[in-house]
Amino acid sequence: MPRLPVFLLLAGLLCAQAVTKQQKIERILDLTNPESAVTEVVNQVEGMLQQIQPTPTPQQKARRQEALDKIAKLTRERMRKVRPDLVKAYSDLFSDAEIDGLLAFYESPAGKASITKIPAVNARLGSIIQSELNAIGTEINKLAEDTLKK
């Protein structure tokens, strides 16, 4: 009879140590830091403001910084708000084995490198796509006009 309580104790310890799928997803999000999108948004807005006002006065600089701070705060709040939705999306779309694989990857040196370098790849890709769209813009407009004329 004393073996049954020991077995139950061991089973309880094993269950307590098991990491849930949600906890693994939270770890993935901690590693990949989707909140870094806040920095991207602020940088994009700052770039737009720089184009609009290349040489701002000190007063304009102060107002610009105030606006950027508000944008960063608002974006951070939104990212916190959507995090549960992001966890649910991962949970719905990835199996347990896939979550384990993602977690292993993001904890590896290659995964850590991808986390830091993918935003730069995406920024370059955005520029490339924008450039290509600008290059074919007149063709697209002509095709649209021709289609509407028919």
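The model is a predicted one, and every value below is computed from it. Of the 150 residues in the chain, 17% are buried, and the chain exposes about 11700 Å², of which carbon and sulfur atoms supply 62%. Among the contacts with a separation of 6 or more, 74% are between residues 24 or more positions apart.

**Nonpolar cores**

- In soluble globular proteins, nonpolar side chains tend to be buried together.
- The largest nonpolar core in this chain has ten residues, namely Ile25, Ile28, Leu29, Leu31, Val87, Tyr90, Ile99, Leu102, Leu103 and Tyr106.
- At least two residues of this core come from each of helix H2 (21-32), helix H4 (58-93) and helix H5 (96-107).
- Another core, of six residues, lies apart from the largest one, and its members include Val45, Leu68, Ala72 and Met79.

**Leu29 and Leu86**

- Leu29, one of the residues of the largest nonpolar core, is in contact with Pro34, Arg83, Leu86, Val87 and Tyr90 once neighbours within four places in sequence are left aside.
- Leu86 is found in helix H4 and, with residues up to four places away in sequence not counted, touches Leu29 and Pro34.

**The largest pocket**

- About 270 Å³ of space lies in the largest pocket, which is lined by 13 residues.
- Ser36, Ile115, Ile118, Pro119 and Asn122 are the lining residues that lie nearest the centre of this pocket.
- Helix H3 (37-52) and helix H6 (109-149) each supply at least two residues of the lining, with H6 giving the most, six residues.
- By residue class, the lining of the largest pocket divides into seven nonpolar, five polar and one charged.

Definitions and conventions. Residues are numbered from 1 along each chain as its sequence is written. This is a predicted model: local features need pLDDT of at least 70, side-chain atom pairs count only at pLDDT 80 or more; totals for chains, interfaces and linings use all residues. Side-chain values use heavy atoms; hydrogens and water are left out. On a 1 Å grid over the protein atoms alone, a cavity is a set of points where a 1.4 Å probe fits but cannot get out, and a pocket is an open set with protein on both sides within 12 Å along at least five of seven lines; lining residues have an atom within 4 Å of a point. Grid points are joined across faces, edges and corners, and a volume is the space filled by probe spheres set on the points. Helices (H or I, at least four residues) and strands (E, at least two) are DSSP runs, numbered from the N terminus. Ala, Val, Leu, Ile, Met, Phe, Trp, Tyr, Cys and Pro count as nonpolar, Asp, Glu, Lys and Arg as charged, and the others, Gly among them, as polar. A nonpolar core is a set of buried Ala, Val, Leu, Ile, Met, Phe, Trp, Tyr and Cys residues joined through side-chain atoms within 4.5 Å. Buried means under 20% relative accessible area, exposed over 50%, partly exposed in between (1.4 Å probe, protein chains only). Contact means heavy atoms within 4.5 Å. Accessible areas come from the Shrake-Rupley method with a 1.4 Å probe; for residues, only the protein chains shown count as cover.
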